[in-house]
Amino acid sequence: MTRCLLVFAHPLENSLNARLAATVEAQARAQGWQVTRRDLYADGFDPRLTSEERRDHYATPPAMPPATLPQEKQELAGAQVLILVFPTWWFGFPAILKGWFDRVWAPGTAYDNSPDFGPMLPRLHALREVLAVTTMGAPAWVDWLVLRRPVRRILSLSILKPCAPKARLTWRALHSAEAIAPGRVARFEARLAADITRIAGRLTCPD
C-alpha cells in the first residue's frame, strides 16, 4: 500500500486551503493510499528550532532514533508520496511550514552531513512523488516573470534535490486567490484529482 504523508499549513478551518487539502486527501484515499495527515496548526506544531537541535546538527553520528519529533520524522522517512497544502505568504512558506522543514527534515532523517561539509547525503530514498498545492494573492505573471517562482525553486532545488533526488515534484499554484470565482476553484480541484491519478499510475508503473 502506498504510504502518503499530507502536511497542511493554514490557521483557518474554513479557508480555501482547507478545502483543497480535503480534496487531495479524498482523492488520495480513493486511490487506496495509506494517508497520514499532519495539520500543523491544529496539532500545535512548534516551528522553532531548539538550542539542542541546533547544537547537535553536526553530531556524528546523528542521534538515532531521532531525539526530537520521532513520530514526525518516522512518517517522513517512510513516505512514498508527500502532499503539501499551504498558502504562499510574502512569496515564501508560512513560518510554521518552514519550521517543519527546519525541524523534521533533520540530519539522520532527511539527509546526512558530509564529513568534510560537502554536499548533503540524501536519506529519503522511499520518497518518489511530491505534490505541492499552494494559493497566493499575486497574479501568475508576478510569480513567474518578476519573482521567478521562488517557493517552487526552493522546494525543488534546496529541499528535495539534496534529500530526495528521486522524487518528482508536481507544483500547483492557484494565483489571484483572494477573490476567486467558484468555477476556477472547481477547475483547479479537477486538475488536482487528475494529478493524483497520474501519480498513482507512475507509482504502479514506474519509469
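This is a predicted model. Strand E1, residues 3-8, and strand E3, residues 81-87, run parallel and are paired over five bridges. To find one of those contacts by eye, go to Cys-4; its bridge partner in E3 is Val-81.

What is the order of the strands in the open sheet? Reading across, the order is E2-E1-E3-E6-E7, five strands with parallel pairing. The edges are strand E2, at 34-39, and strand E7, at 168-174. Each of them has a single partner strand, so one of its sides has no neighbour in the sheet. On average, neighbouring strands here are turned by 15 degrees against each other, ignoring direction.

Next, the helices. Helix H3, residues 70-78, lies across E1 and E2, and its direction is at about 135 degrees to E2. Helix H4, residues 95-104, lies across E1 and E3, at about 150 degrees to E3.

Last, the largest pocket, which holds about 700 Å³ of space. Which residues lie nearest its centre? They are His-57, Asp-102, Ala-106, Pro-107 and Tyr-111, out of 32 residues in the lining. Helix H4 comes up again here: H4, helix H2 (51-55) and helix H6 (150-163) are the elements that each give two or more residues to that lining. Sorted by class, the lining has 18 nonpolar, eight charged and six polar residues.

That's everything I have.

Notes
Residues are numbered from 1 along each chain as its sequence is written. This is a predicted model: local features need pLDDT of at least 70, side-chain atom pairs count only at pLDDT 80 or more; totals for chains, interfaces and linings use all residues. Side-chain values use heavy atoms; hydrogens and water are left out. Two strands pair if DSSP finds at least two bridges between them. Helices (H or I, at least four residues) and strands (E, at least two) are DSSP runs, numbered from the N terminus. Axes are lines fitted to C-alpha atoms, for helices over the stretch in contact, and angles run from 0 to 180 degrees between N-to-C directions. Contact means heavy atoms within 4.5 Å. On a 1 Å grid over the protein atoms alone, a cavity is a set of points where a 1.4 Å probe fits but cannot get out, and a pocket is an open set with protein on both sides within 12 Å along at least five of seven lines; lining residues have an atom within 4 Å of a point. Grid points are joined across faces, edges and corners, and a volume is the space filled by probe spheres set on the points. Ala, Val, Leu, Ile, Met, Phe, Trp, Tyr, Cys and Pro count as nonpolar, Asp, Glu, Lys and Arg as charged, and the others, Gly among them, as polar.
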